[in-house]
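Me: I am new to this structure and would like to learn how to read its features one at a time. Could you take me through a few of them?

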Amino acid sequence: MTDAFGLYLHVPFCSVRCGYCDFNTYTADELGEGATRASYADTAIAEIDLAARSFGDAVPQVDTVFVGGGTPTQLPSADLVRMLGAARERFGVAPGAEVTTEANPDSVTPESLAELREGGFTRISFGMQSAVPHVLATLDRTHDPARVPEAVRWAREAGFEQLSLDLIYGTPGESMDDWRRSVESALALDPDHVSAYALIVEQGTAFARKVARGEVVMPDDDKTADKYLLADELLESAGLGWYELSNWARDEAAQCRHNLLYWRGGQWWGIGPGAHSYLHASAGVPGRGRLVGHRWWNVKHPAAYAQRLAAGESPRQDGETIDADTAHLERVMLQTRLRDGLPLAELHPAGRAVVPALVDRGLVVTDDERLTLSLQGRLLADAVVRDLVD
Ligand SMILES: C[S@@+](CC[C@H](N)C(=O)[O-])C[C@H]1O[C@@H](n2cnc3c(N)ncnc32)[C@H](O)[C@@H]1O
Ligand code: SF4
């Protein structure tokens with residue numbers, strides 16, 4: 001558990017929707033009436049204002065800010081800086097805070113990056129995905145791969161302290177050599193951090209329909225696991241160590257503090273349409289055991305979101321309370337994925353009883369205090385977690 005408090009700012013705009021993505025994001029055509037990009041920063045600032053006021057005299061200082069999307073850099077840098085300014089004014093941002101924005105390589109210029117850096121952003125995460133044109137085409141990515149080194153150079157020149165690259169593996173048609181080329185191209189840019197996620201077929205997306213029609217065929221799990229192993233080998237030998245299943249960093253300072261806050265049970269407020277928030281609770285619920293937290297989420301569509309805030313109302317749509325059992329499940333699931341591992345004391349007796357068998361199968365290693373996934377265990381992390389919580 002961590003005491004850190006984070007602010008997530010969602011920007012729900014993209015120039016094109018990638019076929020595989022089901023994030024809450026809209027192209028200009030999809031957006032419809034009632035919300036515009038031009039008015040978005042003011043609407044989000046209205047929510048920042050409401051959020052801070054809901055804490056009364058006990059407004060927490062923010063340790064990490066993460067602007068995600070969608071594509072935050074579809075908005076002018078001045079808007080993103082203004083949103084960050086509102087967070088500073090209404091909440092207070094801790095000295096030395098990590099302030100990240102996501103960005104697509106073809107949505108930045110040297111000037112827009114310099115403006116973000118001067119405005120207080122310290123970290124940038126580019127959606128590189130692949131260095132191979134046919135893979136990018138299958139993913140519907142619009143950027144020319146040659147744009148990535150340029151965007152990285154501009155971000156370095158602008159003075160970003162931390163730079164991360166997102167990669168995807170397991171795209172239909174991607175060979176092992178294609179994947180090697182993508183990881184090596186990313187490493188050639190000397191990033192501080194790399195995230196590598198296996199492509200997920202999200203139901204309801206254009207990509208899922210193509211898979212269902214047999215137009216593209218997903219690779220089998222063994223091939224995808226081999227790609228994970230190759231990525232880990234290349235990243236580790238270049239000095240980027242894994243600290244979460246899908247995340248590697250140059251050193252501790254380069255680890256994403258905002259994501260670590262999610263994974264370690266910290267509190268955060270999510271601003272924007274569809275954004276989720278989580279706060280610890282101090283009260284108990286009779287008959288349900290100890291209440292550990294509240295989670296809630298905002299209305300999903302930017303027009304509904306804007307309408308609520310224009311009327312001075314909270315954009316909250318619904319929420320749930322998190323009791324001790326749910327919190328335990330989530331902690332085991334998230335912390336087992338971290339290199340730091342899971343404190344054995346977190347496990348219920350039934351979970352502790354399966355640990356020796358997991359050790360025998362070579363899936364986890366333990367010392368007196370913690371359980372950590374082995375390399376083999378990282379490939380089977382979901383199954384390990386299921387055993388630990390069953
Ligand atoms: C929501 S995007 C935001 C940043 C930016 N728009 C971009 O695409 O780079 C964050 C990351 O989620 C990844 N992502 C989205 N859908 C995914 C899926 N179905 N499987 C794996 N990764 C996915 C994207 O590729 C991207 O790297
Ligand atoms: S650019 Fe990013 S957020 Fe937008 S559709 Fe593509 S993956 Fe999703």
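Me: Which elements do the buried residues of α4 pack against?

Reply: This is a predicted model, in which local features need pLDDT of at least 70, side-chain atom pairs count only at pLDDT 80 or more, and totals for chains, interfaces and linings use all residues. Residues are numbered from 1 along each chain as its sequence is written, while chains are lettered from A and ligands numbered from 1 in the order in which they are written. Helices (H or I, at least four residues) and strands (E, at least two) are DSSP runs, numbered from the N terminus. The buried residues of α4 pack against α3, β3 (93-103) and α6 (147-158).

Me: Which residues of α4 are buried, and why are they on the same side?

Reply: A residue is buried if 20 or more other C-beta atoms lie within 10 Å of its own, exposed if 12 or fewer, and partly exposed in between, with C-beta atoms placed from the backbone. An α-helix has 3.6 residues a turn, so residues three or four places apart point the same way. In helix α4 (residues 110-118) the buried residues are L113, L116 and R117. They cover an arc of only 100 degrees around the axis, taken from the directions from the helix axis to the C-beta atoms, which puts them on the same side of α4. The face turned away from that buried side carries the exposed residues E111 and E118.

Me: What follows α4?

Reply: The residue G120 follows α4, and its phi is positive, near 115 degrees.

Me: Is T71 buried or exposed?

Reply: T71, found in the loop between β2 (62-69) and α3 (77-90), is buried, because 22 other C-beta atoms lie within 10 Å.

Terms used
Two residues are in contact if their C-beta atoms, placed from the backbone, lie within 7 Å.
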